[in-house]
Amino acid sequence: MKESLINISFKKAKEEKRPALLTYTVAGDNTKKKSLEILKAISKYADICELGFPHNTPIADGGQIQTSAYRAIKNGVKINDVFSIVSKFKKIRKDKPIILMGYYNMIYQYNENKFISKCKKSKVDGLIVVDLPFPENKAFALKCKKNNINFIQLISPTTSKKRLKKIVNNSHDMIYYISMLSTTGGKLKVSSKKILKEYQKIKNQNKSKNVVIGFGITEKTIKSLKKADGLVVGSAICKEITNSLKKRQNTVTNVTNVVIRLKSKIK
Amino acid sequence: MKIKKKIPLIDQHDKNGFWGGKFGGSFIPETLKKPIEDLTKEFQKLRNDKNFIKKKDFYFENYIGSPTSFVKLENLSNHLGGAQIWAKIVSEANGGAHKIYNATVHALICKAMGKKYIVGDTGAGYAGKMLSMAAKKFGLKCKIFMGAKDIKRQKPNCDAIRKNGAEIVPVYSGSQTLVDAVSECMRYWVSNCDNTHMAVGSTVGPNIFVKICGWSTSQISRELKIQILKEFKKIPKKIKLINCVGGGSSAYGFWSEFIDFDKKHIELIGVEAGGPKKSKLHAAPLSRNAKIGILHGAASYVCQNNEGQIKETESISAGLDYPGVSPIHCFLKDTKRARYTFATDEEALNAYKIVTKFEKLNPSLEPSHAFAEAIKIAPKLSKDTICIVNSCGDAKKDKYILKKRLGRYK
């Protein structure tokens with residue numbers, strides 16, 4: 001099997017002795033066109049781009065991402081639009097991994113198999129499904145793997161040791177560690193030392209897995225966690241889109257500047 | 001898909017938590033896996049613990065005021081002609097609705113788990129009011145999540161919640177009703193599950209919450225069975241148990257002891273919220289054939305669009321204004337054990353008018369939906385048919401809506 005783009009991106013970052021930077025934006029925020037432009041612009045600095053498919057009943061997202069999702073839905077973004085954004089992006093930046101992130105109901109309504117084949121067709125590299133935990137996700141994760149799509153498992157501070165082992169064993173190239181008990185965009189309420197300690201427990205299970213840390217990561221906190229394989233920033237970016245829209249400023253420029261600053265802090 | 005006899009319906013799920021192989025489950029973020037596993041184990045332990053049962057029974061009797069009465073609505077029956085209309089006045093329970101059963105059990109579980117904080121969602125405000133009462137009774141700190149729209153329309157219950165010392169967290173996202181309150185409450189629990197217990201206000205949500213709630217409200221039908229036997233000496237030949245269905249907690253509680261009977265003998269009728277007559281929106285996923293979807297951690301029939309976005313609902317009754325429904329009711333629908341229909345806002349209001357005209361009863365807008373169905377079918381039924389309506393809530397909370405829509409309250 002060919003090495004995944006996700007793996008290659010982590011390797012590249014490692015060669016540069018820095019963590020990979022993963023960005024999260026909501027597809028279609030605030031329009032289809034703008035969100036593609038934002039994606040193109042930030043992908044020059046981000047190593048992996050996560051793209052959320054907006055859902056109106058998100059049970060694990062904080063205010064910033066909710067706002068982005070509602071905005072996108074209000075502007076008429078459909079699942080097929082999400083795929084078309086990915087396809088268009090991949091035509092220009094075929095080496096940049098894209099991870100789709102969302103809630104299971106949308107996949108369920110779209111039909112699992114159809115969803116996966118559509119992912120494959122539009123060259124999606126990975127999937128995160130927030131409310132489909134292990135072991136319930138086993139069958140779906142396997143389907144993804146068969147189609148060369150990374151199914152990304154999540155681990156949280158509440159995950160037991162026994163469970164952590166199983167999840168790592170069932171993971172593909174990348175594992176997402178949730179830094180704290182929080183929805184996305186919460187204030188980082190745990191010390192970076194403690195987060196890295198938990199992170200290390202996952203690494204100790206299997207060094208070859210790329211483990212990223214997300215939730216509560218901002219320009220202020222990113223530096224303290226730079227030992228990780230990768231760091232995810234989502235809410236801070238969504239917040240910038242909201243603020244730029246409010247001030248009637250250029251979202252693309254402003255968001256890109258945030259990503260540039262984030263990157264500079266972990267170099 | 002088949003219902004097994006002699007096993008409570010709440011326990012008829014598979015190892016993944018699904019009823020009938022497809023309803024329910026636990027679609028939850030990783031962070032909640034552990035707290036939900038802990039809660040599942042704790043509940044399993046407690047429900048088999050004699051001391052806990054004793055404690056629960058003690059509070060049900062002395063705090064909630066079980067049993068609630070079972071009465072014949074003589075005047076209403078005479079007016080309608082046909083079937084006899086009876087009611088189980090569950091609104092006599094402490095606090096004025098069936099929500100007190102679930103709230104009390106959750107408070108007891110919270111205490112048993114050594115947690116000091118309890119949070120819950122509410123639509124009509126009853127689940128919130130009862131949880132705040134139980135929290136006060138058992139010395140727990142309590143937060144109630146409530147949609148901003150519901151806070152406005154159910155003010156009397158909000159006042160009660162605050163009086164009990166609980167904090168109401170207004171939810172402004174989405175449609176600002178129950179669906180958003182549940183989401184926000186779950187998000188809060190994700191962030192605070194280490195020291196906080198969450199009580200889901202109905203037989204919805206991840207598998208374990210369906211079970212705890214159903215286990216609590218089933219008290220209603222245990223009482224009813226005894227009362228029926230006392231009244232009629234044996235179970236009458238033709239019974240119809242009519243109950244409103246939002247999430248479905250009172251309906252499950254009302255029916256649970258009677259599920260093993262043949263449906264020709266005891267028919268179970270669930271009445272959902274049809275919304276305003278002229279509106280396309282409703283809150284009736286079962287009777288208006290919504291598709292299966294995942295909402296708040298469980299698979300059930302859900303009002304949604306083709307994309308899986310949850311649809312806004314509309315109903316005069318805040319307690320029924322929810323796009324999903326209990327997986328247990330989906331199971332009862334698909335096995336054809338229960339029949340589901342809906343009543344519009346106007347029909348519910350009209351039913352309220354008729355019931356209060358003929359009887360000394362003040363059913364809230366939720367059970368008024370059930371009365372609407374009883375009023376509709378009773379005239380066509382024989383005199384020996386016993387229609388029993390669960391009058392599961394008191395209309396005090398609806399007085400502003402009733403004044404506005406009917407020009408009077410009571």
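What follows is a walk through a predicted model with a chain A and a chain B.

Residues are numbered from 1 along each chain as its sequence is written, while chains are lettered from A and ligands numbered from 1 in the order in which they are written. Because the model is predicted, local features need pLDDT of at least 70 and side-chain atom pairs count only at pLDDT 80 or more, while totals for chains, interfaces and linings use all residues. The model scores ipTM 0.95 and pTM 0.96. The mean pLDDT of chain B is 96, and 100% of its residues reach 70 or more. Here pLDDT is the predictor's confidence in each residue, from 0 to 100.

Start with the sheet of chain A. Helices (H or I, at least four residues) and strands (E, at least two) are DSSP runs, numbered from the N terminus. Two strands pair if DSSP finds at least two bridges between them. In chain A, 9 strands make an open sheet with parallel pairing. Their order is β5-β4-β3-β2-β1-β9-β8-β7-β6. The edges belong to β5 (150-151) and β6 (153-155) of chain A. Each has a single partner strand, so one side of each is left without a neighbour in the sheet. Now look at strand β1 (residues 20-26) and strand β2 (residues 48-52) of chain A. They run parallel and are joined by 5 bridges. Within this pair, T25(A) stands opposite L51(A) in β2(A).

Helix α2 (residues 32-42) of chain A packs on that sheet and touches β1 and β2 of chain A. Its direction makes about 175° with that of β1(A). Such axes are lines fitted to C-alpha atoms, for helices over the stretch in contact, and angles run from 0 to 180 degrees between N-to-C directions. Two residues are in contact if their C-beta atoms, placed from the backbone, lie within 7 Å.

Next come the helix pairs. Two packed helices are described by the angle between their axes and the distance between the axes. Take α2(A) again. With helix α4 (residues 79-92) of chain A, α2(A) packs at an angle of about 35°, the axes being 10 Å apart. The crossing of α2(A) past α4(A) is right-handed. A crossing is left-handed if the near helix is turned anticlockwise from the far one by less than a right angle, and right-handed if clockwise. From α2(A) come K32(A), S35(A), L36(A), L39(A) and K40(A). They meet D81(A), I85(A), K88(A), F89(A) and I92(A) of α4(A). This contact of α2(A) with α4(A) has 5 nonpolar, 1 polar and 4 charged residues. Ala, Val, Leu, Ile, Met, Phe, Trp, Tyr, Cys and Pro count as nonpolar, Asp, Glu, Lys and Arg as charged, and the others, Gly among them, as polar.

Another pair is helix α3 (residues 63-74) and helix α10 (residues 235-246) of chain A. Their axes come within 8 Å and cross at roughly 55°. That makes α3(A) oblique to α10(A). Angles under 35 degrees count as roughly parallel, over 145 as roughly antiparallel, 65 to 115 as roughly perpendicular and the rest as oblique. Here α3(A) passes α10(A) in a left-handed crossing. On the α3(A) side, Q64(A), I65(A), T67(A) and S68(A) make the contact. On the α10(A) side stand S235(A), C238(A), K239(A), I241(A) and T242(A). By class, 3 are nonpolar, 5 polar and 1 charged.

Some backbone details deserve a stop. Most residues other than glycine have a negative phi, and most peptide bonds are trans. F215(A) has a positive phi, near 85°, and lies in the loop between β8 (210-214) and β9 (230-233) of chain A. F134(A) and P135(A) are joined by a cis peptide bond, with omega about 0°. P135(A) sits in the loop between β4 (126-129) and α7 (138-146) of chain A.

Chain B has an open sheet of 6 strands with mixed pairing, in the order β3-β4-β14-β9-β10-β13. β3 (70-72) and β13 (338-343) of chain B stand at the edges, each with a single partner strand. A cis peptide bond joins S66(B) and P67(B), with omega about -5°. P67(B) lies in the loop between α2 (50-64) and β3 of chain B.

Finally, the chains meet. The contact takes 30 residues from chain B and 30 residues from chain A. On the side of chain B, α8(B) gives the most, with 7 residues.
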